[in-house]
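Hello,

Here is the structure you are taking over. My notes on it follow below.

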Amino acid sequence: EIMKNLIPFIAYLIVLSCQNSKSDVDLKVKNLLSQMTLEEKIGQMNQYNGFYDATGPAPDGEDQKIKYENVKNGLVGSMLNVRGVDEVRAFQKLAVENSRLGIPIIFGFDVIHGYKTVFPIPLAESASWDLDIIEMSAKMSAKEASAAGLNWTFAPMVDISRDARWGRVMEGAGEDPYLGSLIAAARVKGFQGSDLSSYETIASTAKHFAAYGFSESGRDYNTVDIGMNTLHNIVLPPFKATVDAGVKTFMNSFNDLNGIPATADKYLQREILKGDWNFDGFVVSDWGSLREMIDHGFARDRKHAGELALNGGSDMDMESYIYIDHIKELLDEGKVKISQIDDAVRRILKVKYELGLFDDPYKYLDNEREKNITGSKEILDATLEVANHSIVLLKNEGNILPLKKNDQKIAIIGPLADDKNSPLGNWRTAAENNSAVSVLEAMREYKGNKISHAKGVKLVNKIPAGFHEEVSINETDKTGILNAKKIAKDADVVIMVLGEYGFQSGEGRSRTNLDLPGFQQELLEEGYKVNKNIVLVLMNGRPLILNWHNENLPAIVEAWHLGSLSGTAISNVLYGDFNPGGKLPMSFPRSVGQLPLYYNYKSTGRPGADGEDAGSVFWSHYQDELNSPLYPFGYGLSYTTFSISEISLSSDEFSNGESINASVSVSNTGNIKGREVIQLYIQDKFASATRPVRELKGFETVDLEPGESKTVEFIINEKLLEFYNGDNKWVTEPGEFNVFIGNSSQTTNSTSFNFR
Ligand code: NOJ
């Protein structure tokens, strides 16, 4: 009884002490700030890329010497691309032991889908629709990165993207703001955990603020011009979700938005982010994005760029060296305010305190820890779990899959079949080249079948780019096709492993064609001539055009770039040791001409529904292609089958403060255990601003044994019906709503209700 009474009191004490520690940090920051010179303050706002091997002798190039001196003088707040305990320690030592105040550096790195051990690319992970798994992936990545001395990742990228031409769709969660928001929050939680000062967590970054995913025509870095409706209803929600999840930093973006480069966008950074959303972390620019405002024709010169960026709300300058060179002058001239500088520095120092770097600047630097954790079994195993769940079964006719385990002749063909590099995808920044398990290797582990192999078309070295050797798919040599045909002819089943090489998607990798690069299509069609039993296994970082494939091939497996244990996951699925349950996070178009393409489009005044004979030509449609995608958002098959009942509503009307339940019963009607993702969509039939034909508003993954049924229930309340209207307000309007529950965005299982 006494204990019982004490519990609320103890809880109160805990809350109090947390508050204390929070204001404790604020106090420490304030105190430190008061001791800093203007120069030292500006130094905190300066971020350098790693510029020499800090474990060796001091650098001797002119620029490097300046940077080196700046580190020693406490004029570098942060560094990126310095990694590994020894390197990080060398830089940290330089800063802490030489500078007047000994302020530690915060070390950032692009931990996008793993550090050294590679998880599936973010788009692939998103296909799992499994928030626990996605959070776990970020958590493991943070653990490995933190053991390498890192404090901060430039992830998650939460840009909504509707255009598969844009190479960076691989880094995000796809096209939907609801799914995107939940995934964004899960990733932030995974990276940061509940205690930033723990050895296993790192600070995370929501990027790219904002609307980078809407780069015109899918060309990277291109201009963005979207209205308030799309900005607030589609682009911003995932960013807001990261703030609610406690994200520590934001990165702005290369693009301009409605005429203002994001780096200088006051409305985004000062009004919305730091104002309306009360974000108290700091904003880092993207690489050189201050300087790029000159190219945009927005800043006259470097100094002007600094003025615009600081006034716009950018706190830290990544690799433009503009703050360090010009802020003092700008302050003297009254172009920026000391309060803006103080605020930026306060935000940066705060994150450093929270990481525990002031308690011990070397706290993350333990060679033993690094050795034990890097590439550990725990992390590697986790990549397989995520990879299994990331695979989407797009087609499986006549149950050609799963494969029989014995007495089969299996031909494994394609340039990516034995490739150990491409499955790592882009942004596998610290991974070793060729460290993935290939499909061929993994398939050979199943000893009951006879495997033959031919590349058909080769991978070739192209240009050494970035951190890694870059390879492309051969575009001149077809000689291998003949041999591939020979082994295909002789096989019971042909596995064609085709798609994009690892660096074909990602930053700077926009495409106008979304077909299989090189001679892969020819290889496929030649193979098909001699054997129709083809399973197409796709490795790619974006939606591709698969019309021929869908029309002709019995089975298609979307395997993205799945990371270190890619081949293992693919063979698990091909042999049925794992029953795939992934769902597409992006629509797969029928034609590049349909782009941008997304399920939550607006109806027009001339709605052009596929298959509808409108009786005239004046409808919103194409003469030469359907409007719909080939594979819709939310789509994916399983080796078992499911039935979903009609929707039952607890009531067909409700008003403010109330809610109703919408439920369906889901049954596994097949012979094996499987997972279905039950999705709830809502359409506001009539509103003061036009609304999408439907929007995802809930989902649940259900695992069912054969014959098993479960009820899936969604709560529909006012909050789910909210939208940003023409008066720039979030509102819920009374009226009739359609509700859909099914297993893809094209479900027709629907009913309606009234909100009064
Ligand atoms: C540029 C990219 O746009 C950004 O996402 C990344 O974090 C930085 N480079 C640093 O590598």
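The axes of helix α9 (residues 266-276) and helix α11 (residues 302-312) come within 8 Å of each other and cross at roughly 25 degrees. Axes here are lines fitted to C-alpha atoms, for helices over the stretch in contact, with angles running from 0 to 180 degrees between N-to-C directions. Because angles under 35 degrees count as roughly parallel, α9 is roughly parallel to α11. Lys266, Gln269 and Arg270 of α9 make the contact with Leu310, Asn311 and Gly312 of α11, where contact means heavy atoms within 4.5 Å. By class, this contact has one nonpolar, three polar and two charged residues. The classes are: Ala, Val, Leu, Ile, Met, Phe, Trp, Tyr, Cys and Pro nonpolar; Asp, Glu, Lys and Arg charged; the others, Gly among them, polar.

This is a predicted model, in which local features need pLDDT of at least 70 and side-chain atom pairs count only at pLDDT 80 or more, while totals for chains, interfaces and linings use all residues. Residues are numbered from 1 along each chain as its sequence is written, and side-chain values use heavy atoms, with hydrogens and water left out.

Next, the ligand. Residues around the ligand include Leu80, Asp110, Phe154, His208, Trp287 and Glu507, each with a heavy atom within 4 Å of it.

The ligand taken alone exposes 290 Å², of which the protein buries 94%; areas come from the Shrake-Rupley method with a 1.4 Å probe.

Last, some backbone details. The peptide bond from Ala155 to Pro156 is cis, with omega near 5 degrees, and Pro156 is in the loop between β4 (152-153) and α7 (177-192). Helices (H or I, at least four residues) and strands (E, at least two) are DSSP runs numbered from the N terminus. Leu595 and Pro596 are also joined by a cis peptide bond, with omega about -5 degrees. Ala211 is not a glycine, yet has a positive phi of about 75 degrees.

Regards

Key:
Parallel < 35°, antiparallel > 145°, perpendicular 65-115°, else oblique.
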